[in-house]
Amino acid sequence: PEAGNLILAVYNTVGEEVATLVNGFTEAGFYNITFDASSLPSGIYLYKLQSANSVQTKKMMLLK
């Protein structure tokens, strides 16, 4: 909803960061981010979207 620093990272179930998709200043708006998971095995992953005012963590399943 507002401009600011944004971090979008993907973690495995052990808590290790496996990818950082966005790390920097972004303007307010909607974005599409492409996540190339070709080097990762199938399984459950968590992604965390962190901005100045909030942190959201969601679960996702990667199937190959």
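**Figure 1. Ala28 in the loop between two strands.** Ala28 sits in the loop that links strand E2 to strand E3 (43–50); strands are DSSP runs of E with at least two residues, helices are runs of H or I with at least four, and both are numbered from the N terminus. The model is predicted: local features need pLDDT of at least 70, side-chain atom pairs count only at pLDDT 80 or more, and totals for chains, interfaces and linings use all residues. Residues are numbered from 1 along each chain as its sequence is written, and side-chain values use heavy atoms, with hydrogens and water left out. Ala28 is partly exposed, at 44% relative accessibility (buried is under 20% relative accessible area, exposed over 50%, partly exposed in between; 1.4 Å probe, protein chains only). Leaving out residues up to four places away in sequence, Ala28 touches Pro1, Glu2 and Ala3 (contact: heavy atoms within 4.5 Å). Lys59 lies 31 residues from Ala28 along the chain, and 24 Å separates their C-alpha atoms.

**Figure 2. Thr26 in strand E2.** Thr26 belongs to strand E2. The residue is buried, with a relative accessible area of 17%. Not counting residues up to four places away in sequence, Thr26 touches Ala3, Gly4, Leu6 and Tyr31.

**Figure 3. The four-stranded sheet.** The open sheet has the strand order E2-E1-E3-E4, with antiparallel pairing (two strands pair if DSSP finds at least two bridges between them). Strand E2 (17–26) and strand E4 (55–62) are at the edges; each has a single partner strand, so one side of each lacks a neighbour in the sheet. On average, neighbouring strands are turned by 15° against each other, direction ignored (axes are lines fitted to C-alpha atoms, for helices over the stretch in contact; angles run from 0 to 180 degrees between N-to-C directions). Eight bridges join strand E1 (residues 4–12) to E2 in the antiparallel sense. Ile7 has Asn23 of E2 as its bridge partner.

**Figure 4. Asn12 in strand E1.** Asn12 lies in strand E1. Its relative accessible area is 14%, so Asn12 is buried. A polar atom of the Asn12 side chain lies 3.1 Å from the backbone nitrogen of Val14. Not counting residues up to four places away in sequence, Asn12 touches Val18 and Tyr45.

**Figure 5. Tyr45 and the nonpolar core.** The largest nonpolar core consists of six residues: Val10, Ala19, Ala37, Leu40, Tyr45 and Leu62 (such a core is a set of buried Ala, Val, Leu, Ile, Met, Phe, Trp, Tyr and Cys residues joined through side-chain atoms within 4.5 Å). Neighbours within four places in sequence aside, Tyr45 is in contact with Val10, Tyr11, Asn12, Val18, Leu40, Lys58, Lys59, Met60 and Leu62.

**Figure 6. The whole chain, for orientation.** The protein chain has zero helices and four strands. Along the sequence, the pattern is β-β-β-β. The C-alpha trace spans about 35 × 20 × 15 Å along its principal axes. Of the 64 residues, 22% count as buried. Among contacts with a separation of 6 or more, 38% join residues 24 or more positions apart. The accessible surface is about 4,900 Å², and 54% of that belongs to carbon and sulfur atoms (Shrake-Rupley method, 1.4 Å probe; for residues, only the protein chains shown count as cover).

Methods: A polar contact is a pair of N or O atoms within 3.5 Å; within protein, one must be able to donate a hydrogen and the other to accept it, and residues adjacent in sequence count only if both atoms are side-chain atoms.
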